[in-house]
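Dear colleague,

Here is the structure I promised to hand over to you. Please open it first, and then read the notes below alongside it.

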Amino acid sequence: MTDPVFGGDEVRTEQEIARWAAGVAAKAEKYQVLSRQVADVKINEVSRDGLVRLSVAASGALENLEISDKAREVSGAALAASIMTTMRRAQSRIAGAVSEIVTAVGVEEPGTVDALVSSYRQRFPEPSSDTPPWADQVRPSAPPPARRPVQDDEDWDGPSVTE
């Protein structure tokens, strides 16, 4: 869209204003379509071990989580690592989905396109490996301490708790 040329005669000025306003309206419509389509992004991912199936929204928020019955055979730490790794892989695909939407909608302003897609890439980078960096620090919790046996307090002079 070229910048309007104002000035000269009144008819030409009105035509330029109308052309400029139509261009702004068309651009606004593109951005509204882009916004709606990005809001509807949903990325589905399955863990490589088959324990986890999940989906994330464009915000990166977990929308759906299914855990296989095979999860009973692994430690809690392994299950947690599988969930987090799968979620990070799904989140890292959001930028690509947004980029495809931007292209399909026809947004052409390079600075805007780059800023939008790179903001998703910064928030949700490609995972470096299948194992999150904290996975080796997760240890199963210790069993709860044994309860002390209740001792009957025969020398209690006060009222019974049930009275």
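Glutamate 66 is partly exposed, with a relative accessible area of 41%, where buried means under 20%, exposed over 50% and partly exposed in between (1.4 Å probe, protein chains only). Please keep in mind that this is a predicted model, in which local features need pLDDT of at least 70 and side-chain atom pairs count only at pLDDT 80 or more, while totals for chains, interfaces and linings use all residues. Residues are numbered from 1 along each chain as its sequence is written, and side-chain values use heavy atoms, with hydrogens and water left out.

The side chain of glutamate 66 meets that of arginine 53 in a salt bridge (4.0 Å, N to O), a term that requires a side-chain nitrogen of Lys or Arg within 4 Å of a carboxyl oxygen of Asp or Glu. Because arginine 53 lies in strand β2 and glutamate 66 in strand β3, the pair ties together parts that are 13 residues apart in sequence; strands (E, at least two residues) and helices (H or I, at least four) are DSSP runs, numbered from the N terminus. Arginine 53 is also partly exposed, at 46%, and its bridge partner in β3 is glutamate 66.

β2 (residues 52-57) and β3 pair in the antiparallel sense over five bridges, pairing being assigned if DSSP finds at least two bridges between two strands. Four residues separate them in a hairpin, and glycine 60 in the turn has a positive phi of about 90°.

Elsewhere, glutamate 16 and arginine 19 form a salt bridge (2.9 Å, N to O); glutamate 16 is buried, at 12%.
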